[in-house]
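Reader: I would like to go through the labels attached to this structure one at a time and hear, for each, how the value stands against its definition.

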Amino acid sequence: MLMQSIKLVADSSADTLSLEGVDFACASLKILTDNKEYVDDATLDVAAMAQELSAYKGKSSTACPGVGDWLTAFGEAERVICVTITSNLSGSYNAACIAKQDYEEQNPERRVFVLDSLSAGPELRLLLEKAQACIRSGMEYDAVCETLTAYAKKTALLFVLESMKNLANNGRVSPLVAKAAGLLGIRAVGKASNVGTLELLNKCRGREKALQTIADNMQALGYSSGRVRISHCGNEAAARLLRSMLIARYGQLDVEIYPARGLCSFYAEQGGLLVGFEKG
Ligand code: X90
């Protein structure tokens, strides 16, 4: 029997533009101001966007991919695995589910599996890498979907934010929670909760303390030696420091560091770090 080819699809909150050895497509979120629209795709100059937004004084917001954007990303694939940003903070998952229905109705032999990551950024990267490995090993579709669903329960996301202004202005955290970051060098350390919302864990004074607190929280969540993915907003130095701290505690580890793309940069803001990892 011919092996069915499987396409991987994610929204741009996954900060992933391509995945080696598999068919992959990304559905873009957008960042909006009164006079400009930034599409979070491969052509977006994230640093230039951050510059422009820091000089901009008006309102800014974001928009999730629409049903049509998801259908375009699915393309013509017979089997699709689709990973979205948390449904509790975005309409992306909902739009993907509607697109799945349309796609399967129009082409009864096609299948789409939509996974709500209940997270953002590097936790999605881990999920995509797991699916990528399964596909490349020749695993069949249903098994990949099951493996991925089980794996998603064993991954987590922690973050450290220097400002939560954009999150608060767009109603993604309460103004009270947002006060935890930004005042007098106070950084907010938190995690993606079990229901895919921002959960504040600690308020830390200073970068070093915030990063140690991330490492402590990883340990408390059962981290032992699994893969770690760190995305940063103009703060590679902090990401590298966190990696050193983790290696000092655990020995050699599989840690990758990369700059966040548009959507995560907008919400995590300058200096922010997102840390996806395997709980153990
Ligand atoms: O649909 C839309 O317009 C997108 C809204 C996205 C809102 C939240 C994005 C968060 C990005 C910030 C820190 C980590 C959050 C963890 C969430 C569970 C990253």
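Reader: Why is glutamate 52 called partly exposed?

Author: Buried is used for a relative accessible area under 20%, exposed for over 50%, and partly exposed for what lies in between, with a 1.4 Å probe and protein chains only; glutamate 52 has 35% and is therefore called partly exposed. Lysine 36, with a relative accessible area of 38%, is likewise partly exposed. The model is a predicted one, in which local features need pLDDT of at least 70 and side-chain atom pairs count only at pLDDT 80 or more, while totals for chains, interfaces and linings use all residues. Residues are numbered from 1 along each chain as its sequence is written, and side-chain values use heavy atoms, with hydrogens and water left out.

Reader: What makes glutamate 52 and lysine 36 a salt bridge?

Author: The term requires a side-chain nitrogen of Lys or Arg within 4 Å of a carboxyl oxygen of Asp or Glu, and the side chains of glutamate 52 and lysine 36 meet with N to O at 3.1 Å, so the pair qualifies. Side chains of opposite charge can pair when their charged atoms come close.

Reader: Why does the pair of glutamate 78 and arginine 110 count as a salt bridge?

Author: The closest N and O atoms of glutamate 78 and arginine 110 are 3.8 Å apart, which is within the 4 Å of the rule, and therefore the pair counts. The two residues belong to distant parts of the chain, 32 residues apart, with glutamate 78 in the loop between α2 (67-74) and β6 (79-84) and arginine 110 in the loop between α3 (92-106) and β7 (111-116). Glutamate 78, at 29% relative accessibility, counts as partly exposed, whereas arginine 110, at 9%, is buried.

Reader: How do you know that glutamate 278 is buried?

Author: The relative accessible area of glutamate 278 is 16%, which is under 20%, and so glutamate 278 is buried. Arginine 227 has 17% relative accessibility and also counts as buried. The side chains of glutamate 278 and arginine 227 meet in a salt bridge, N to O at 3.2 Å, which links strand β13 with the loop between α8 (207-220) and β11, 51 residues apart. Salt bridges that share partners join Glu129, Arg227, Arg229, Asp254, Glu256 and Glu278 into one network.

Reader: What makes glutamate 129 and arginine 227 a salt bridge?

Author: Their side chains meet with N to O at 2.5 Å, within the 4 Å limit, and so the pair is a salt bridge. The chain is divided into domain 1 (3-29 + 64-152) and domain 2 (155-278), with bounds that come from an automatic or database domain assignment. Across the interface of these two domains the rule finds two salt bridges.

Reader: How many residues of domain 1 are in contact with domain 2?

Author: Contact means heavy atoms within 4.5 Å, and on that criterion 23 residues of domain 1 are in contact with 25 residues of domain 2.

Reader: Why is glycine 272 called buried?

Author: Its relative accessibility is 1%, under the 20% limit, so glycine 272 counts as buried. Glycine 272 sits in the loop between α10 (262-268) and β13 (273-278). Leaving aside neighbours within four places in sequence, glycine 272 is in contact with Val160, Leu161, Ser231, His232 and Cys233. Between glycine 272 and cysteine 233 there are 5.3 Å in space, C-alpha to C-alpha, although the two are 39 residues apart in sequence.

Reader: What makes asparagine 235 buried?

Author: Asparagine 235 has 12% relative accessibility, which is under 20%, and therefore counts as buried. Asparagine 235 is placed in the loop between β11 (228-232) and α9 (236-250), and its side chain reaches the backbone oxygen of glycine 271 at 2.9 Å.

Key:
Helices (H or I, at least four residues) and strands (E, at least two) are DSSP runs, numbered from the N terminus. A polar contact is a pair of N or O atoms within 3.5 Å; within protein, one must be able to donate a hydrogen and the other to accept it, and residues adjacent in sequence count only if both atoms are side-chain atoms.
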